[in-house]
Amino acid sequence: KGQKAPIKVDRSSMNEEEIQDLKETFDLFDEDQSGTIDAEEIAKALENTGIDKRNPIVYQMIMDLQGINGPIDFDLFIDTIANRLGNNKDKDGIKKLFDLFDLSADGFIDFDKLKRVAKDLGETMNDEELDEMMHHIHVLNQTKNRDQISFDDYYTILTKR
């Protein structure tokens, strides 16, 4: 049973780099270079890239894409992904991004969660580098706690001008 197509997204909240990153991801999935992707191509690309479908966020995005009946072009791909991630310029969208890291939904990003997300995304930073990153976030942004980042801290960091 297919889902409805996602709501058309206002792309003014996305910069060129974000759109280009999504295009590169779409092209990874579009193995036959037809300009559209389907559930089979998505599954194969995930397998080839080693992206872990057990990550709840990745899994939900895949389910969103696979729930669409028929081929998915780049516009529909962007709308589907953007609907899942939200607008990173408003508080609700930033909360969705925060929730990607806050796997236990306790309101904080700590070292272990950061490490898990980095691994799921294929980052190769070691523990020392991740710890240093947490320390820099704390020092540069004067967060309340060196060992964890609250949503309020995260929101402040992302909306700094």
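Mentor: Let's start with a word you'll need: a residue is partly exposed when its relative accessible area lies between the buried range, under 20%, and the exposed range, over 50%. Keep in mind that this is a predicted model.

Trainee: Okay, then why is Lys-23 called partly exposed?

Mentor: Its relative accessible area is 29%. Buried would need under 20% and exposed over 50%, so Lys-23 counts as partly exposed. Asp-27, at 38%, gets that label too.

Trainee: What makes Lys-23 and Asp-27 a salt bridge?

Mentor: Their side chains come to 2.9 Å, N to O. The cut-off is 4 Å between a Lys or Arg side-chain nitrogen and a carboxyl oxygen of Asp or Glu, so this pair qualifies. Both residues lie in helix α1, four residues apart, about one turn of the helix.

Trainee: How many salt bridges does that rule give?

Mentor: Seven. One of them joins Asp-131 and Arg-146 at 3.4 Å. Asp-131 is in helix α7 and Arg-146 in the loop between α7 and β4, so the pair ties together parts 15 residues apart in sequence. There's also a salt-bridge network linking Asp-102, Asp-106 and Lys-113.

Trainee: And what makes Lys-115 and Asp-127 a pair that ties parts together?

Mentor: First, they meet in a salt bridge at 2.9 Å, N to O. Lys-115 sits in helix α6 and Asp-127 in helix α7, so the bridge connects parts twelve residues apart in sequence.

Trainee: Let's go inside. How do you know that Thr-143 is buried?

Mentor: Its relative accessible area is 5%. The limit for buried is under 20%, so Thr-143 is buried. You'll find Thr-143 in the loop between α7 and β4.

Trainee: What makes the link from Thr-143 to His-138 a polar contact?

Mentor: The two side chains come to 2.8 Å, and the cut-off for such a pair of N or O atoms is 3.5 Å. Beyond its neighbours within four places in sequence, Thr-143 is in contact with Ile-137, His-138, Asp-153 and Ile-157.

Trainee: Why is Ser-150 called buried?

Mentor: At 13% relative accessible area, Ser-150 falls below the 20% limit, so it is buried. Ser-150 is in strand β4, and its side chain reaches the backbone nitrogen of Asp-153 at 3.1 Å.

Trainee: Asp-153 keeps coming up. Which residues of helix α8 are buried?

Mentor: Phe-151, Asp-153 and Tyr-154. Down the axis of α8 these buried residues fall within an arc of 160°, so they line one face of the helix. Their cover includes α5, β3 and β4.

Trainee: What makes a group of residues a nonpolar core?

Mentor: The members are buried residues of nonpolar kinds such as Leu, Ile and Phe, joined through side-chain atoms within 4.5 Å. The largest one here has 19 residues, and among those with the most contacts inside it are Leu-22, Phe-29 and Phe-77. Helices α1, α2, α3 and α4 each supply at least two residues of this core, and α4 gives the most, with five.

Trainee: Which residues does Phe-29 touch?

Mentor: Leaving aside neighbours within four places in sequence, its contacts include Ile-37, Ile-42 and Phe-77. A second, separate core of twelve residues includes Ile-94, Met-134, Ile-149 and Phe-151.

Trainee: And how many helices and strands does the chain have?

Mentor: Eight helices and four strands. Buried residues make up 32% of the chain's 161 residues.

Terms used: Residues are numbered from 1 along each chain as its sequence is written. This is a predicted model: local features need pLDDT of at least 70, side-chain atom pairs count only at pLDDT 80 or more; totals for chains, interfaces and linings use all residues. Side-chain values use heavy atoms; hydrogens and water are left out. Buried means under 20% relative accessible area, exposed over 50%, partly exposed in between (1.4 Å probe, protein chains only). The arc is that of the directions from the helix axis to the C-beta atoms. Contact means heavy atoms within 4.5 Å. A polar contact is a pair of N or O atoms within 3.5 Å; within protein, one must be able to donate a hydrogen and the other to accept it, and residues adjacent in sequence count only if both atoms are side-chain atoms.
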